[in-house]
Amino acid sequence: MVNLMTIKQERAAKLIQEIVSELLMTEVTDPALAGVTVIAVEIDRELEYADVYVHSMDDPEEVMQGLERANGFLRRALAARTRFRKTPTLHFHWDASIDRGERIDSLLAELDIPPDDSTPTTPVE
């Protein structure tokens with residue numbers, strides 16, 4: 001199933017992504033959250049729940065615990081910077097797509113594929 005967001009949802013998600021990213025860089029002091037990147041935000045039609053996908057080079061478990069600790073602060077700060085009728089509840093998720101991509105790249109690099117001998121080669125004169 002493809003999740004298509006309305007223009008209103010897309011704008012809200014982009015705004016939430018920008019604000020949460022800025023807050024994590026400038027105002028959150030938890031060392032577990034240093035270097036956390038907000039990859040994407042998806043929001044439901046009623047703008048009540050926002051799924052925030054994050055990634056970091058640090059331990060995923062520590063990062064997720066830090067985000068749980070900072071969730072209340074982030075939601076209050078988000079409310080102060082937006083004009084949503086009701087500030088969405090933030091649900092943080094680890095985005096493993098970067099890790100999967102790196103794993104695929106390393107597997108491909110390990111492959112030993114011989115050249116295809118069926119293709120005729122023309123000598124260079």
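Colleague: In which sense do β2 and β3 pair, and over how many bridges?

Modeller: Happy to start there, with the reminder that this is a predicted model. Strands of a sheet pair through backbone hydrogen bonds, either parallel or antiparallel. For β2 and β3 the sense is parallel, and the count is 6 bridges.

Colleague: Nice. Which strands stand at the edges of the sheet?

Modeller: The sheet is open, with 3 strands in the order β1-β2-β3 and mixed pairing. An edge strand has a single partner, so one side of it is left without a neighbour in the sheet. That applies to β1 and β3.

Colleague: And what does the twist average from one strand to the next?

Modeller: Going from strand to strand in this sheet, the average is 25 degrees.

Colleague: Which strands does α1 touch, and what angle does its direction make with that of β1?

Modeller: α1 packs on the sheet, where it touches β1, β2 and β3. Its direction and that of β1 make an angle of about 150 degrees.

Colleague: What about α2: which strands does it touch, and what angle does its direction make with that of β3?

Modeller: α2 also packs on the sheet, and its contacts there are with β2 and β3. With the direction of β3, that of α2 makes about 160 degrees.

Colleague: Which element gives the largest share of the largest nonpolar core?

Modeller: That core has 25 residues, and Ile 16, Leu 24 and Leu 67 are among those with the most contacts inside it. The largest share is 7 residues, and the element giving it is α1.

Colleague: Which residues does Leu 24 touch, leaving aside those up to four places away in sequence?

Modeller: Leu 24 belongs to the group with the most contacts inside the core, as do Leu 33, Leu 67 and Leu 74. With residues up to four places away not counted, Leu 24 touches Leu 33, Val 36, Val 38, Leu 67 and Leu 74.

Colleague: Last one: which element gives the most to the lining of the largest pocket?

Modeller: The largest pocket has a volume of about 340 Å³. Its lining has 13 residues, with Lys 8, Leu 47, Arg 83, Phe 84 and Arg 85 nearest the centre. The element that gives the most to this lining, with 4 residues, is α1.

Note on methods: Residues numbered from 1 in each chain as written. Predicted model: local features only at pLDDT ≥ 70, side-chain atom pairs only at ≥ 80, totals over all residues. Heavy atoms only, no water. Core = buried A, V, L, I, M, F, W, Y, C linked by side-chain atoms within 4.5 Å. Buried < 20%, exposed > 50% of the residue type's maximum accessible area, 1.4 Å probe, protein only. Helix = DSSP H or I, 4+ residues; strand = E, 2+ residues; numbered from the N terminus. Contact = heavy atoms within 4.5 Å. Pairing = 2+ DSSP bridges. Axes fitted to C-alpha atoms, helices over the stretch in contact; angles between N-to-C directions. 1 Å grid on protein atoms, 1.4 Å probe; cavity = no way out; pocket = protein on both sides within 12 Å on 5 of 7 lines; lining within 4 Å. Points joined across faces, edges and corners; volume = space filled by probe spheres on them.
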